[in-house]
Amino acid sequence: MANGGPVQHGFPHLQTVRASITALYKRLSYDTVQTFATSVLPADVAFCDTDDLYLGAQRVARELVRHYRLPDARLVVSFREMNHAASVELAAGPEYFVELNDRFRTHRRDIGAALAHEVMHVYLHRLDLSFPGTRENEILTDTATTYLGAGWLLLDAYREDAASSQKLGYLTPEEFGYVLAKRALVFGEDPSVWFTSPQAYTAYVKGMAEARRDEQQPPLTAAGWAGRRRYARDRRHAQEQHGVGPQPGVPYAFMPDGRGPLRVSFPCPTCQQRIRVPVRGRVRARCGLCRTVLECDT
């Protein structure tokens, strides 16, 4: 939790974020991801200063448990002085103990954001889905929270001005915006209408621009002129060399196929799973993981 300190910006964790989205689709399946088409609504996790602190926190926790479809999980929320925003004890369940930073006693509107991340820890724990290393696992948790409909709360908790700053989670604001944008492109949802933080909206716009770039990489037909020109050059070189591995700065790679034409592999712009298609001009491909239909010019 950045509390008055510097906030990291940009996309330093993008590779892990993309791997997290792929892991979600692989572990949950396309059908299960589709059940999260509706995000947590602001009214469901609203927290007024007049609400009882503990009863209100328990109410919000129950709503997030419901959203993640963990009906047999019970969260016991308490507050204490700590460095991090929150922590959860991942025992066998069904009861889980969550501790929130004492800061939230007076910053109650962000309790939902902190709990969204901690309840996702429980969800991933039950799925037995994790990454090696604490930082990578926390990035997975932030990404899953956001992609499955509760992470807009984490981005909205980001506020920064000349005198102070606050940010929750391990992703940068722009990376939260990127995952929100990936979700918005899948479900046709506009989370920006729920933002109370102007800085959150700015980060979302930057994240959307990065997500759009995923859809504009060759061999997709939406690729720009410069990308198409480089792709044609790399394809010609690969045909002369009978295949060439990944090249720096581009997401695609060419490989020989003894049973047919040269093939090109590239990440699906939706789930980032790599797809292989033959190099033979216009091709329509369907991602087997997220079922996205892709128009390609290989």
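I count helices (H or I, at least four residues) and strands (E, at least two) as DSSP runs, numbered from the N terminus. By that count, S192 lies in the loop between α7 and α8.

**Entry 1: ground rules**

I am working with a predicted model, where local features need pLDDT of at least 70, side-chain atom pairs count only at pLDDT 80 or more, and totals for chains, interfaces and linings use all residues. Residues are numbered from 1 along each chain as its sequence is written, and side-chain values use heavy atoms, with hydrogens and water left out.

**Entry 2: the whole chain**

I looked up the secondary structure first. The protein chain has nine helices and eleven strands. Its radius of gyration is 21 Å, close to the 19 Å that the globule rule gives for 298 residues, so the chain is as compact as a globular protein of that length. That radius is taken over C-alpha atoms, and the globule rule is 2.2 Å times the number of residues to the power 0.38.

I then looked up the extent. The C-alpha trace spans about 70 × 45 × 35 Å along its principal axes.

How much of the chain is buried? Of the 298 residues, 52% count as buried. Buried means under 20% relative accessible area, exposed means over 50%, and partly exposed is in between (1.4 Å probe, protein chains only).

Next came the surface. The chain exposes about 14,000 Å², and carbon and sulfur atoms supply 49% of that. Accessible areas come from the Shrake-Rupley method with a 1.4 Å probe; for residues, only the protein chains shown count as cover.

I also checked contacts, meaning heavy atoms within 4.5 Å. Among contacts between residues at least 6 apart in sequence, 57% join residues at least 24 apart.

Charges were next. I found 37 positive and 33 negative side chains, with the centres of the two sets 10 Å apart. Lys and Arg count as positive and Asp and Glu as negative; His and the chain ends are not counted. Each charge is placed at NZ of Lys, CZ of Arg, CG of Asp or CD of Glu.

**Entry 3: the core**

A nonpolar core is a set of buried Ala, Val, Leu, Ile, Met, Phe, Trp, Tyr and Cys residues joined through side-chain atoms within 4.5 Å. Which residues have the most contacts inside the largest one? They are Y68, L100, I111, L115, Y123 and L155, in a core of 94 residues. Helix α4 (residues 111-127) gives the largest share of this core, eleven residues.

I found Y96 in strand β4 (residues 95-101). Is Y96 buried or exposed? Y96 is buried, with a relative accessible area of 1%. Beyond neighbours within four places in sequence, Y96 is in contact with A73, R74, L75, V76, V88, E89, L90, A91, V122 and R126. I also looked up A85, which is eleven residues from Y96 along the chain; their C-alpha atoms are separated by 17 Å.

F176 lies in helix α7. F176 is buried as well, with a relative accessible area of 1%. Not counting residues up to four places away in sequence, F176 touches D142, T146, G151, L154, L155, L168, G169 and L171.

I went back to S192. At 15% relative accessibility, S192 counts as buried. Its contacts, leaving aside neighbours within four places in sequence, are Y201 and Y204.

S197 sits in the loop between α7 (173-187) and α8 (198-214). S197 is buried, with a relative accessible area of 2%.

**Entry 4: backbone details**

I looked for a cis peptide bond. One joins P218 and P219, with omega about 15 degrees. P219 lies in the loop between α8 and α9 (225-241).

I then looked up positive phi values. Phi of R69 is near 60 degrees, a positive value in a residue other than glycine. R69 is found in the loop between α3 (53-67) and β2 (74-80). At 45% relative accessibility, R69 counts as partly exposed.

D128 has a positive phi of about 60 degrees, although D128 is not a glycine. D128 is in the loop between α4 and α5 (134-147). At 67% relative accessibility, D128 counts as exposed.
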